[in-house]
Amino acid sequence: MEVWPDNLEAVNVFIQLSTQWRTGMSGVTGLDYNVLFARMDRMQLPDQEYEWLFDDVRVIEAEALKIINKKD
């Protein structure tokens, strides 16, 4: 799969967090944002880039949740 350069950082962070899903009685509910924020803090990004990266990861998360929770 090809990843556009503008999305590469978000995809890499998402992959790094691939084991950090919150789950409950209804299944997977989303990423553990505590872990996400800790990872992003270590990146020492300027404020605007931090917000953009968070938004981009949330888009990937939303699409992944659609697939994970898809009912056959």
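A residue counts as buried when its relative accessible area is under 20%, as exposed when that value is over 50%, and as partly exposed in between. Please keep in mind that this is a predicted model.

With those cut-offs in hand, let us begin with the aromatic rings. A search of the whole structure turns up 4 aromatic pairs. One of them is formed by Tyr33 and Phe37, whose rings are tilted, with 5.9 Å from centre to centre and 55 degrees between the planes. These two residues sit 4 residues apart in helix 2, about one turn of the helix.

Phe54 counts as buried because its relative accessibility is 14%. Taken together, Tyr33, Phe37 and Phe54 are joined by ring pairs into a cluster.

In soluble globular proteins, nonpolar side chains tend to be buried together. In this model the largest nonpolar core has 13 residues, and those touching the most other members are Val13, Leu17, Leu31, Leu36, Met40, Leu53 and Val57. Which elements give two or more residues to this core? They are helix 1 (8-16), helix 2 and helix 3 (47-68). Helix 3 provides the largest share, 5 residues. For a closer look, pick Leu53: leaving aside neighbours within four places in sequence, Leu53 is in contact with Glu9, Ala10, Val13, Met40, Met43 and Leu45.

Next, the strands. Strand 1, residues 21-24, pairs with strand 2, residues 27-31, in the antiparallel sense over 4 bridges. A hairpin of 2 residues joins strand 1 to strand 2. In this pairing, Gly24 stands opposite Gly27 of strand 2.

Two loops complete the tour. Follow the chain to Asp32, which is placed in the loop between strand 2 and helix 2 (33-42). Asp32 is buried, because its relative accessible area is 16%. What lies 2.9 Å from a polar atom of the Asp32 side chain? It is the backbone nitrogen of Asn34. Setting aside neighbours within four places in sequence, Asp32 is also in contact with Gln20 and Arg22.

The other loop, between helix 2 and helix 3, holds Gln44. Its backbone is worth a glance: Gln44 has a positive phi of about 50 degrees although it is not a glycine.

Conventions. Residues are numbered from 1 along each chain as its sequence is written. This is a predicted model: local features need pLDDT of at least 70, side-chain atom pairs count only at pLDDT 80 or more; totals for chains, interfaces and linings use all residues. Side-chain values use heavy atoms; hydrogens and water are left out. Two strands pair if DSSP finds at least two bridges between them. Buried means under 20% relative accessible area, exposed over 50%, partly exposed in between (1.4 Å probe, protein chains only). A polar contact is a pair of N or O atoms within 3.5 Å; within protein, one must be able to donate a hydrogen and the other to accept it, and residues adjacent in sequence count only if both atoms are side-chain atoms. Contact means heavy atoms within 4.5 Å. A nonpolar core is a set of buried Ala, Val, Leu, Ile, Met, Phe, Trp, Tyr and Cys residues joined through side-chain atoms within 4.5 Å. Rings of Phe, Tyr and Trp (its six-membered ring) pair if their centres lie within 6.5 Å; planes under 30 degrees apart count as stacked, over 60 as edge-to-face and the rest as tilted.
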